[in-house]
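Visitor: I am new to this structure. Please show me how to read it.

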Amino acid sequence: MSDDCLVRMENITVQFPGVLALNNVRFDVKRGEVHILLGENGAGKSTIMKVLAGVNTDYQGVIYYKNHEIKSLSVKEQIERGISMIFQETNLLKNLTVAENIFLGRQPTKSNGNVNWNLMNEQARKLLDAIGSNISEKAMVSSLSIGQMQVVEIAKALSYDADIIIMDEPTSALSQKEVEGLFKIIRELTSKGVAIVYISHRLEEIIQIGDRITVFRDGRYVETVPVDGITVDKLISMMVGRSLSEQYPKLHVEPGEKLLEVNNLVQKDSLNNISFYARSNEIVGFYGLMGAGRTELMRAVFGVDPFESGDIHIDGKPVNIRNCLDARKHGIAFLTEDRKNQGLILDFSIKDNIPLVNFDNIMNWFGINQIMNTANCQKLTDSVRVKTPSLNQKTKFLSGGNQQKVVIAKWLNTDSQIFIFDEPTRGIDVGAKSEIYKIMNSLKKEGKAVIMVSSELPETLGVCDRLYVMHDGTITGCFDDMSELTEDEVIKYATGTHK
Ligand SMILES: Nc1ncnc2c1ncn2[C@@H]1O[C@H](COP(=O)(O)OP(=O)(O)OP(=O)(O)O)[C@@H](O)[C@H]1O
Ligand SMILES: [Mg+2]
């Protein structure tokens, strides 16, 4: 093994009940490099990194670390060796502060053995500043958004002074500024010889930050290539094994009547006199940077959070939505961005999650008709191509992207008129993304109103018929004709620099 090789994993196989997640794969990491791990949802990326990080100790194969063969036995041991990991889904303890989470189990102490709170907070502050984050180190994690939790996970992984940091989709919920902060840190770390394993479905990002790429497909090793000179199209074909002709399938349909209309909605501190509408047969986009108020707006419309003033009309009639049940009754479906906490019951199977918002189509005199439920779930999961050994699989065992698809299947199972998708393609691979756009298109064709909240500009411009841009709780731009709209123009509105 050459000297700059930090880790070499050989013949790694991981078998879960009914799923061969990794089939004899290899992977190696050199000092000072950013090594991208690329593959579709369910390809086995998180699984191999959980082996390296000591989370999954039930594997076959050999791992060499700094020229010695090691056995990955526990997270603690791997951290002591110098391997730390930022997990795809956050695992923070909600009722502790940011600083307490970062230094959990290893708080700095004073000479008398008591926790040195000042020092701990100070160190946490330094880490957060380094990422360019203004989250308070003293904030309770329960008060943070999903993007902010991701920042805390990053700070925590950085705090170990590791030789290898594994980042499993670290930027999926970060703001542009935080992404830039993270990239700056990655460059500083690699210049000191630290190696980064980087997993992301954002292909532009991969080209920007990566040195080498390893591709997995269906639990198998495909190839390892340098990033130099690679294009997004090439990445796509390496990943899915074919080229993808239409990333954003456009469907032209005449828009119909206004199904949802919101007037002058005000929510103290977060939403400032918001008015918008969504018609049947159209996809309306809401673009903005993290914290612009898009999720808050959708939560208010769906009755999750109260608002001070403003009115909502559905099908031209004023409605009073006090809670999610009201929203459901009025035909609104809301696919939340936080699938782990709000979208799924992770201990339930796919089959038990999908009917959660609508039992009607599978009930008979005796309760739930299991045969009907299975057939219905099969149809829905096929339509979004969920990869799973069976419908009885607990959703916690699905890969991140496949969990997202189950959330979508759950809402497709309703007779809703208005579909709100909040970051529907977060963590979803390019192939599956275009599946989801096709689903939105078919809802549009059926006469539904589709609202898509997104932080990804290419998909916003590629998929939506009309667009609202938000900044700081206000709608700064409304575009009925998007044919001439450029990314630069939208960003000006999203940053409030358009005036
Ligand atoms: N604990 C588990 N029990 C059963 N199956 C599992 C478990 N963890 C993962 N799997 C399965 O192993 C396969 C690989 O999953 P993995 O999470 O590694 O995919 P991934 O490449 O990280 O995908 P994504 O891009 O969606 O995050 C998937 O089919 C997944 O459903
Ligand atoms: Mg994963």
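Guide: Start at A43: one of its polar backbone atoms is 3.2 Å from an oxygen atom of ligand 1. A polar contact is a pair of N or O atoms within 3.5 Å. This is a predicted model, where local features need pLDDT of at least 70, side-chain atom pairs count only at pLDDT 80 or more, and totals for chains, interfaces and linings use all residues. Residues are numbered from 1 along each chain as its sequence is written, ligands are numbered from 1 in the order in which they are written, and side-chain values use heavy atoms, without hydrogens and water.

Visitor: How much of the accessible area of ligand 1 does the protein cover?

Guide: Accessible area comes from the Shrake-Rupley method with a 1.4 Å probe. On its own, ligand 1 has 640 Å², and the protein covers 92% of that.

Visitor: Which elements give two or more residues to the shell?

Guide: Helices (H or I, at least four residues) and strands (E, at least two) are DSSP runs, numbered from the N terminus. Here they are β2 (19-30), α1 (45-52) and α14 (400-412). The most comes from α1, with three residues.

Visitor: Which residues of α8 are buried?

Guide: Buried means under 20% relative accessible area (1.4 Å probe, protein chains only). In α8 (residues 232-240), that holds for L235, I236, M238, M239 and V240. Their cover, counted by contact (heavy atoms within 4.5 Å), includes β3 (34-38), α7 (203-209), β9 (212-217), β10 (220-226) and α15 (430-445).

Visitor: What comes just after α8?

Guide: G241 does, with a positive phi of about 80 degrees.

Key. Polar contact = N/O pair within 3.5 Å; in protein donor to acceptor, adjacent residues only side chain to side chain. Buried < 20%, exposed > 50% of the residue type's maximum accessible area, 1.4 Å probe, protein only.
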